[in-house]
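Welcome to this short tour. Open your viewer, keep the selection tool handy, and follow along stop by stop.

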Amino acid sequence: MRSLFLALACLLASSTAWAKLQVVTTTTDLKWLAEQVGGDLVEVESLSSGGQDLHFVEPRPSMVMKVKRADVLVRIGLDLDMWADSLVSASRNKKVVYGAPGYVDASVGVERLQIPTDKVDAGMGDLHVFGNPHYWLDPSNASIIADNILEGLVRAEPAKEAAFKENYWKLLRALTEKLKEWEKKAAPLKGVKVVTYHNSWVYFAKRFGLELFGNIEPKPGLPPSPSHVNKLIAMMKEKGAGIIMAESYFPLKGARMVADKTGARLVVVPSSAGGLPGVRTYFDVFDQVLDALLDARGGKP
Ligand SMILES: [Zn+2]
């Protein structure tokens, strides 16, 4: 009798777990946003951690299993997370292939920056033909990302549309409040000259009025060369770029050297939720980055 009861309890528990829509995202920021829109009706897993270079995530069998179980897959798109393609095809999950109801490209509708006008070739580094893919670093784009997620969840589970919409509006209200707070906080950063390790902060800089100046990488995805670094140092000395931003997963030796030679402050920043200790949510990313930049402003040479 007792074992029958246990078996029933297990069956019940697993059926409620499966009743939740299974969502897989390529990044932790998308995971957090999908959790806000999906609420307790979804179970969300991210294929990458927040402290990884999202251009180069190595596909693993455990990730294929996650995609296999997914009802909805949310990705950054614009060729950033191309590694997800091999996972989708290995999973043979028709629900999340390109064009299926469970396929969500979070970039749809985003105003893209830096769309290359010339012909793209391999010598240009890891350049993206659809434009710069780091759009989630402008937090106002979160409403577009959330729109895309909402549409995907509704396609996958139309009966729960009202609940998803209620969560979505709650997220948008919270976002509106945070955007006001961040704009105010970032006011002293307007016009501050910044060099970044990778070309990942253009959307952020546009939103908050920073003046981007150059990259430690000579071309996206390529390690710094001595000639590029020397040119950058000369330019920084001439124009006075006071801050270098670098994500924690990049090798910091080159950036440290440039900082030492120019008197600029090196600021190690998260570019996703989980990117640094204490940065748990997508909103935390902007709290942390703005605080770090404000703190570093005093280091202007
Ligand atoms: Zn990039």
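Start by selecting Arg92, which is exposed, with 10 other C-beta atoms within 10 Å. The terms work like this: a residue is buried if 20 or more other C-beta atoms lie within 10 Å of its own, exposed if 12 or fewer, and partly exposed in between, with C-beta atoms placed from the backbone. Arg92 has a positive phi of about 55°, although it is not a glycine. You will find Arg92 in the loop between α4 and β4 (103–105).

Before moving on, note that this is a predicted model, where local features need pLDDT of at least 70, side-chain atom pairs count only at pLDDT 80 or more, and totals for chains, interfaces and linings use all residues. Residues are numbered from 1 along each chain as its sequence is written. Helices (H or I, at least four residues) and strands (E, at least two) are DSSP runs, numbered from the N terminus.

Now select Leu78, in the loop between β3 (72–75) and α4 (83–91). Is Leu78 buried or exposed? Leu78 counts as buried because it has 21 C-beta neighbours inside 10 Å. Leu78 is not a glycine either, yet its phi is positive, about 50°.

Last stop: strand β7 (residues 243–247), where 5 of the 5 residues are buried, so the strand is largely enclosed by the rest of the structure. Ile243, Met245 and Glu247 point one way from β7, while Ile244 and Ala246 point the other way. In a regular strand the side chains alternate between the two faces of the sheet.
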